[in-house]
Amino acid sequence: IFSKVGPVYEHRLMMEHTGVNRGYGYVRFTNVEDAKEAIKRLNNFEIRPGRYLVVTKSVDNRRLWVNGIPKNRSGKEIRGEMERLTSGVRDIILYPSQADKSKSRGYMFVEYDSHRAAALARKKLVQGSMFLFGQEIGQVDWAEPEHEVDEETMSTVKILFVRNLMLSTTENTIRDLFNKLGNNSVERVKKAKDYAFVHFSTREDAEKALEASNPLSIDDAEVEVVWSKPVDKQTYNTRKTLTKAFTSGISSDLLTRDG
């Protein structure tokens with residue numbers, strides 16, 4: 001089926017110890033364009049009566065979500081401890097508390113050099129009795145893969161995403177500031193808790209505002225400003241289901257769609 005789209009370099013069907021396949025596999029093409037075409041042509045393909053394939057881009061997940069960490073420790077301090085406990089740590093991502101920017105939210109994302117390193121770290125951490133600065137680590141699980149959007153789509157985006165805002169910061173404050181940074185072309189601002197989406201009328205003005213936003217402080221809080229990534233809900237939900245399947249070994253029935 002997949003070879004009809006283009007030359008397949010490798011195909012791996014994931015199997016149980018009993019010899020039964022787990023309902024999913026990986027297909028690697030010799031070039032990227034054929035892989036993209038396969039997703040378009042074969043997602044929802046009826047492989048047998050009433051059974052439809054789910055085909056999406058494979059994500060080599062290297063990120064863990066770790067809860068129950070000390071809120072009063074810096075990223076540098078946390079990283080040192082995580083490097084002591086696990087191997088292959090590439091980055092530690094902490095987010096400030098919504099109410100107190102001097103503290104973290106009590107959880108973090110840990111990026112590893114490879115999926116294997118992340119899997120070994122998860123295996124070790126989920127066993128329990130792991131401590132950071134005297135505090136036992138809470139729940140450890142795979143982080144949801146970062147949403148990816150192709151360059152062509154991203155080049156048309158006119159919306160900026162702003163995170164780490166103060167809860168007290170208003171949409172009017174954000175609008176006024178980004179109007180100054182982006183030629184008064186802000187169409188609307190949508191804020192929720194400590195993040196916001198800023199919509200511009202033109203791509204050029206959004207680019208100008210983005211360039212002027214590094215670094216940027218709003219109401220005494222250092223904020224992060226990046227391009228907002230468009231989300232295809234069907235693709236997002238499909239990838240979420242597949243991620244759960246790949247990490248927990250759920251039934252193959254969830255990997256095909258009934259007619």
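**Group meeting: a walk through the model**

Buried here means under 20% relative accessible area, exposed means over 50%, and partly exposed is in between, with a 1.4 Å probe and protein chains only. Before I go on, this is a predicted model, where local features need pLDDT of at least 70, side-chain atom pairs count only at pLDDT 80 or more, and totals for chains, interfaces and linings use all residues. Residues are numbered from 1 along each chain as its sequence is written, and side-chain values use heavy atoms, with hydrogens and water left out.

Back to isoleucine 1, which sits in the segment before strand S1 (8-15). Helices (H or I, at least four residues) and strands (E, at least two) are DSSP runs, numbered from the N terminus. In total, the protein has seven helices and 16 strands, and buried residues make up 34% of its 259 residues.

Now the inside. The largest nonpolar core has 21 residues, and those with the most contacts inside it are Leu160, Phe178, Val198, Phe200 and Val225. A nonpolar core is a set of buried Ala, Val, Leu, Ile, Met, Phe, Trp, Tyr and Cys residues joined through side-chain atoms within 4.5 Å. Apart from this core lies another one of 20 residues, including Leu85 and Val110.

Take valine 198: leaving out residues up to four places away in sequence, its partners include Leu160, Ile174 and Phe178. By contact I mean heavy atoms within 4.5 Å.

Next, helix H6, residues 203-211. Which residues are buried there? They are Arg203, Asp205, Ala206, Ala209 and Leu210.

Last stop, arginine 28, in strand S2 (residues 21-29). Is arginine 28 buried or partly exposed? Partly exposed, because its relative accessible area is 48%. Leaving aside neighbours within four places in sequence, arginine 28 is in contact with Val8, Tyr9 and Glu10. The C-alpha atoms of arginine 28 and arginine 12 are separated by 8.7 Å, and the two residues are 16 apart along the chain.
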